[in-house]
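Please look over the structure below with the aromatic side chains in view. My notes follow as numbered points.

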Amino acid sequence: MKYLIVGLGNIGPEYADTRHNIGFMILDKLAKEENCQFFNLRLGYYTDFKLKGRQVILIKPTTFMNLSGKALVYWMKEEHIPIENVLVLVDDLALPFGTLRLKPKGSAAGHNGLKHIELTLGNSDYARLRFGISDNFPKGRQVDYVLDGFDKDELPELPALIDRAIEMIKSFVTIGTELTMTRYNK
């Protein structure tokens with residue numbers, strides 16, 4: 001059985017470690033833990049590993065955030081992965097910093113990466129792991145906020161939150177969406 005985990009973000013050193021790239025940051029840590037390395041393949045950085053007999057494919061789209069659906073749909077088709085085995089990692093302004101929420105489906109909530117995935121897929125019936133980044137920015141400064149690094153008071157908490165997100169990914173792969181939500185969504 002195969003699973004596709006897509007971390008949303010933007011490529012390039014100027015975007016590394018920004019709030020909008022939390023999906024990339026989570027997958028980088030997971031790949032390191034699993035001793036696998038990303039390769040630049042079609043529409044994304046790709047790596048995979050085995051977890052309890054399941055193949056887990058990690059993708060960091062190289063299409064930039066606003067075209068994330070191209071990479072997701074391409075790799076779903078290429079690897080023959082059903083929508084119920086897809087998980088998207090995304091930053092979320094509507095959640096307080098550090099809140100992690102797994103949802104089986106839902107709206108894009110104004111997130112351009114999710115909007116493009118829904119447009120490309122034709123539906124919103126895919127699981128997403130939302131990583132709360134808070135909305136602590138002045139009116140009209142949303143873009144600057146998401147493309148900025150985490151605050152000094154947030155940085156010490158980040159490693160533990162990334163580890164918790166990885167636990168949730170592994171749980172999604174091994175026991176499914178519903179049981180993972182029950183166990184982790186607080």
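1. A charge is taken to sit over a ring if NZ of Lys or CZ of Arg is within 6 Å of the ring centre and within 35 degrees of the ring normal. By that rule Arg19 lies over the face of Tyr145, 3.8 Å from the ring centre, and the charged end of Lys60 sits over the ring of Tyr45 at 5.5 Å from its centre.

2. This is a predicted model, in which local features need pLDDT of at least 70 and side-chain atom pairs count only at pLDDT 80 or more, while totals for chains, interfaces and linings use all residues. Residues are numbered from 1 along each chain as its sequence is written, and side-chain values use heavy atoms, with hydrogens and water left out.

3. The whole structure holds 6 aromatic pairs (rings of Phe, Tyr and Trp, the last by its six-membered ring, with centres within 6.5 Å; planes under 30 degrees apart are stacked, over 60 edge-to-face, the rest tilted). The pair of Tyr46 and Trp75 is tilted, because the ring centres are 4.9 Å apart and the planes stand at 40°. This pair links distant parts of the chain, with Tyr46 in strand β3 and Trp75 in helix α2, 29 residues apart (helices, H or I, of at least four residues and strands, E, of at least two are DSSP runs, numbered from the N terminus).

4. Tyr46 and Trp75 are both buried (under 20% relative accessible area, with exposed over 50% and partly exposed in between, for a 1.4 Å probe and protein chains only). Ring pairs also join Tyr46, Tyr74 and Trp75 into a cluster.
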